Amino acid sequence: ADPFLYQVNYRGSTGFGARFLRKGMDGEFYKSLQDDITDAVKYATATPEGVKRVSTYSDQEMPPLPWGDVNRTVILGGSFGGYSALWGVTSNPELYKCAVAICPISSVGAANEESKKAFRGSPLIAKYWERIFGKNISKNKAAAMDASPMYKFGYHMEGVSSVALYHGENDPRAPIEHSYHVLEQLKQCGIAGEMVTFAGEGHGISKTANSLYMYYRIEEFLCKKFGMSVFDAGDDKKKMEQNTATVKWSGGYVNGKSDV
């Protein structure tokens, strides 16, 4: 199949009314919400018998299923999207060939001690996050760890071949230490990939040189992963020269040793 970008409006997404938004609260962020993403990917990469597609387009204008290649499926996202990327690749390693996580939230609720002040620094914010996480994840550390991708690496990774991490070094929302913890798990599991950090960046990579450099590396990472040609950066090369990136890890690991 041709390259295909799939962005899922899972329950909890805005723009579909309050009822749909509430369906993503009370701890559903790692349950039915992630199931929506999983189901969408399975639908897009297969041709189920008897499935009737509902669309505003005519049958002639709609491309036939599958829309994506099950053997070349990547999950990519930033912030909570980064959470979904790490959750997806640890919960359904057979579904994704690799994951790309940008400033990912990898520890949540009561398990996320480092960013309590950043996320829950006022009673109003605390109330909001309790609605999102649900009381159990907000108060019960063991339950919160079960909902945190950071603690799933190491024993849920069979079949996962590569993971790429990109993180701002001054991130107040998703502490970079969490991504370092994930990195150590990747090394121990012998999973290939890379980790790149950006000085002077917070929760998101926003400076032009850094953003260009990061997405060029992501493109390069995915192209190499699937045996595709890497496009030349062209005029963007000069724009990327002022980046503040540090490559912390790049390559594969076997028994804790890098092959590069």
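Helices (H or I, at least four residues) and strands (E, at least two) are DSSP runs, numbered from the N terminus. By this definition the chain has 9 helices and 7 strands. The model is predicted: local features need pLDDT of at least 70, side-chain atom pairs count only at pLDDT 80 or more, and totals for chains, interfaces and linings use all residues. Residues are numbered from 1 along each chain as its sequence is written, and side-chain values use heavy atoms, with hydrogens and water left out.

**The chain overall**

A residue is called buried under 20% relative accessible area, exposed over 50%, and partly exposed in between (1.4 Å probe, protein chains only). Of the 260 residues in the chain, 43% are buried. The chain exposes about 14,200 Å², of which carbon and sulfur atoms supply 51%; accessible areas come from the Shrake-Rupley method with a 1.4 Å probe, and for residues only the protein chains shown count as cover. A contact means heavy atoms within 4.5 Å. Among contacts with a separation of 6 or more, 71% join residues 24 or more positions apart.

**Aromatic rings**

Rings of Phe, Tyr and Trp (its six-membered ring) pair if their centres lie within 6.5 Å; planes under 30 degrees apart count as stacked, over 60 as edge-to-face and the rest as tilted. The structure holds 12 aromatic pairs. Two of them are given here.

| Pair | Type | Centre to centre | Between the planes |
|---|---|---|---|
| Phe 29 and Tyr 83 | tilted | 5.7 Å | 55° |
| Tyr 83 and Trp 87 | stacked | 5.9 Å | 10° |

The pair of Phe 29 and Tyr 83 links distant parts of the chain, 54 residues apart. Phe 29 is in the loop between helix H1 (18-22) and helix H2 (32-44), while Tyr 83 is in helix H3 (residues 80-91). Both Phe 29 and Tyr 83 are buried.

Tyr 83 and Trp 87 are 4 residues apart in helix H3, so about one helical turn separates them. Tyr 83 counts as buried because its relative accessibility is 1%; Trp 87 counts as buried at 10%.

Ring pairs link these residues into a cluster with others, including Tyr 10, Tyr 30, Phe 80 and Tyr 128. Lys 152 lies over the face of Trp 87, at 4.4 Å from the ring centre. A charge sits over a ring if NZ of Lys or CZ of Arg is within 6 Å of the ring centre and within 35 degrees of the ring normal.

**Cysteines**

A search of the whole structure finds 0 disulfides, a disulfide being a pair of cysteine sulfur atoms within 2.5 Å. Cys 103 counts as buried at 1% relative accessibility, whereas Cys 189 is partly exposed, with a relative accessible area of 30%.
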